[in-house]
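Work through the exercises below with the model open. Each task is followed by a stepwise solution.

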Amino acid sequence: MRLLIKIAPSILSADFGCLDRELRSVETADYIHFDVMDGVFVPNISFGMPILKCVRKLTKLPLDVHLMIEKPIRYVLEFADLGADIITVHAESDEQREILKAIEDVKNAGKRCGISIKPATPVSVLEEYLELVDMILVMTVEPGFGGQKFIAEMADKIRCVRKLVDERGLKCEIEVDGGINSHTAEICVESGADVLVAGSSVFGEEYRDRAILELRRSGL
Ligand code: DX5
Ligand code: ZN
């Protein structure tokens, strides 16, 4: 079991009417997870650059930007300029050659880069990217909406990714996203995840510090 679990509250579930207060309430977290959706790659639209700019001013925590958009190469540099610290692109969002270029752009901009796979995408797809990225994001729900139920079968996938990362001695973090609460967090951590994204199980609670601590304890 891993002891150093990072928690990344997803502001998709925050109250945008008081973003300042919402961000202050999760100061004990490790990252702020920022879900960008374009209505094409996923059937939902969330937020983009202007909100990122605003969030950047309101928190010192690293911004973990999850791009659920088609052809992310078009925008990665802009997100980097606006202060994203980690930029994750989906393996399914463009041709492999373009995804590799997007990863290179992120690295050249001096930012950390992640690659994400949807629940139906096999782990073998990660092969081309493994050695290049700082983070692997395993989706534990179908991307697009907060508040969905954790897909239990994803535990095996996390295990598989952990094995791959350890066998090759890679340093990248394994992040999980979707349906994470104190119960499913334990399953994910046992399977090898070290960064837990949590939307509703943090922002849906009145006492955010306590919710974050509870998720963190899943690693103990
Ligand atoms: C879903 C997003 C998630 C979402 C998670 O497509 O990538 O980050 O905010 O929300 P919960 O934790 O409520 O499942
Ligand atoms: Zn996300």
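**Exercise 1.** Compare the radius of gyration of the protein with that of a compact globule.

Solution. Take the radius over C-alpha atoms; the globule rule is 2.2 Å times the number of residues to the power 0.38. For 220 residues, the rule gives a value near 17 Å. The protein has 16 Å, so it agrees with a compact globule. Next, the extents: the C-alpha trace spans about 45 × 40 × 30 Å along its principal axes.

This is a predicted model, where local features need pLDDT of at least 70, side-chain atom pairs need pLDDT 80 or more, and totals for chains, interfaces and linings use all residues. Residues are numbered from 1 along each chain as its sequence is written, chains are lettered from A and ligands numbered from 1 in written order, and side-chain values use heavy atoms, without hydrogens and water.

**Exercise 2.** Find the polar contacts (N or O pairs within 3.5 Å) of ligand 1 with Asp35, His66 and Gly199.

Solution. Start with Asp35: a side-chain N or O atom is 2.7 Å from a ligand oxygen. Then His66: a polar side-chain atom lies 3.3 Å from an oxygen of ligand 1. Last, Gly199: a polar backbone atom is 2.8 Å from a ligand oxygen. Now the area (Shrake-Rupley, 1.4 Å probe): ligand 1 alone exposes 380 Å², and the protein buries 100% of that.

**Exercise 3.** Which strands (DSSP E runs of at least two residues) each supply at least two residues of the shell around ligand 1?

Solution. They are E2 (32-37), E3 (63-68) and E8 (195-198). E2 gives the largest share, three residues.

Note on methods:
A polar contact is a pair of N or O atoms within 3.5 Å; within protein, one must be able to donate a hydrogen and the other to accept it, and residues adjacent in sequence count only if both atoms are side-chain atoms. Helices (H or I, at least four residues) and strands (E, at least two) are DSSP runs, numbered from the N terminus.
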